[in-house]
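Dear colleague,

I am handing over the structure below, and my notes on what was found in it follow. Please read them with the sequence and the model side by side.

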Amino acid sequence: ESATNAHFKGSIDFTILARENDAKATITATLQNSIIKLTTTEYFRNYFAQGATLKLSTTQQTTITVDTTVAGSEDQILFVTPGTTLYLEGEGVKQDPGNGATPTVTFSKQAIGTTTAMTQTTVEVDANDAGGSEVTVTLDDTFTEINTQEIDLN
C-alpha cells in the first residue's frame, strides 16, 4: 500500500520464431489493486472553519490525512489491495455557537466500507445539514389579471 504502488496485469500468447526479431504485440494491462481518496465538501469545511483533520486508514494501518487548513491535502491517492477495509476517524473545531467558545468534536474510528479491484473509491465527508441553514423566500412577480364582477346579494 502506497501512493506509488500501482499493480497492473496483462497477458498475451505468442510464439518465438527463429530469425524473427521484429515482431510486435500489444498487451492490455488493467489495474489490479484499488485506489482510495479522501475529500471533504464545502459544507464540511465551512462548518469546521477553524480546521478539521480526517484520517482514512486501512487494515494495514496505511493512512491518508486531510487537514482542511492545508491547501492540497485532499489531492492524495493511495493504492491498496482489493477487499481492504477502510476506517475513518478525526476531529474538527466547530463554528462559534455565539458564546465565544469553539468546541472540538472527535470522530471515533469506525469501518466505512471495503475497496474493490480496478476501482477508485472516493470517501467524501459532508456536513450539509450543519451550520449552513438558511431561509429562502422567492416571490412570484407574474402579473395575474383579475376580472371584477358585480354580484347583487339581495
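In this model, which is predicted, the side chains of Glu74 and Arg45 meet in a salt bridge, with 3.7 Å from N to O. The two partners belong to distant parts of the chain, since Glu74 sits in the loop between β5 and β6 (78–80) while Arg45 is in helix α1 (residues 42–47), and they are 29 residues apart. Side chains of opposite charge can pair when their charged atoms come close.

Of the 154 residues, 23% count as buried, and the chain exposes about 11400 Å², of which carbon and sulfur atoms supply 47%.

Four strands form an open sheet with antiparallel pairing, and their order is β5-β4-β7-β8. Its edge strands are β5 (63–67) and β8 (104–114), each of which pairs on one side only. On average, and with direction ignored, neighbouring strands of this sheet are turned by 15 degrees against each other. Within the sheet, strand β7 (residues 85–93) is joined to β8 by eight bridges, and these two strands run antiparallel; to find your place along them, note that Val93 stands opposite Thr104 in β8.

Finally, which residues form a nonpolar patch on the surface? They are Ile12, Phe14, Ile16 and Ile27, and together they have about 450 Å² of accessible area. One of them, Ile16, lies in the loop between β1 (8–9) and β2 (30–31), and because its relative accessible area of 72% is over 50%, Ile16 counts as exposed.

With kind regards

Definitions and conventions: Residues numbered from 1 in each chain as written. Predicted model: local features only at pLDDT ≥ 70, side-chain atom pairs only at ≥ 80, totals over all residues. Heavy atoms only, no water. Pairing = 2+ DSSP bridges. Axes fitted to C-alpha atoms, helices over the stretch in contact; angles between N-to-C directions. Buried < 20%, exposed > 50% of the residue type's maximum accessible area, 1.4 Å probe, protein only. Areas by Shrake-Rupley, 256 points an atom, 1.4 Å probe, with all protein chains shown as cover. Salt bridge = Lys/Arg side-chain N within 4 Å of Asp/Glu carboxyl O. Patch = residues over 30% accessible without salt bridge, like charges linked within 9 Å, V, L, I, M, F, W, Y side chains within 5 Å.
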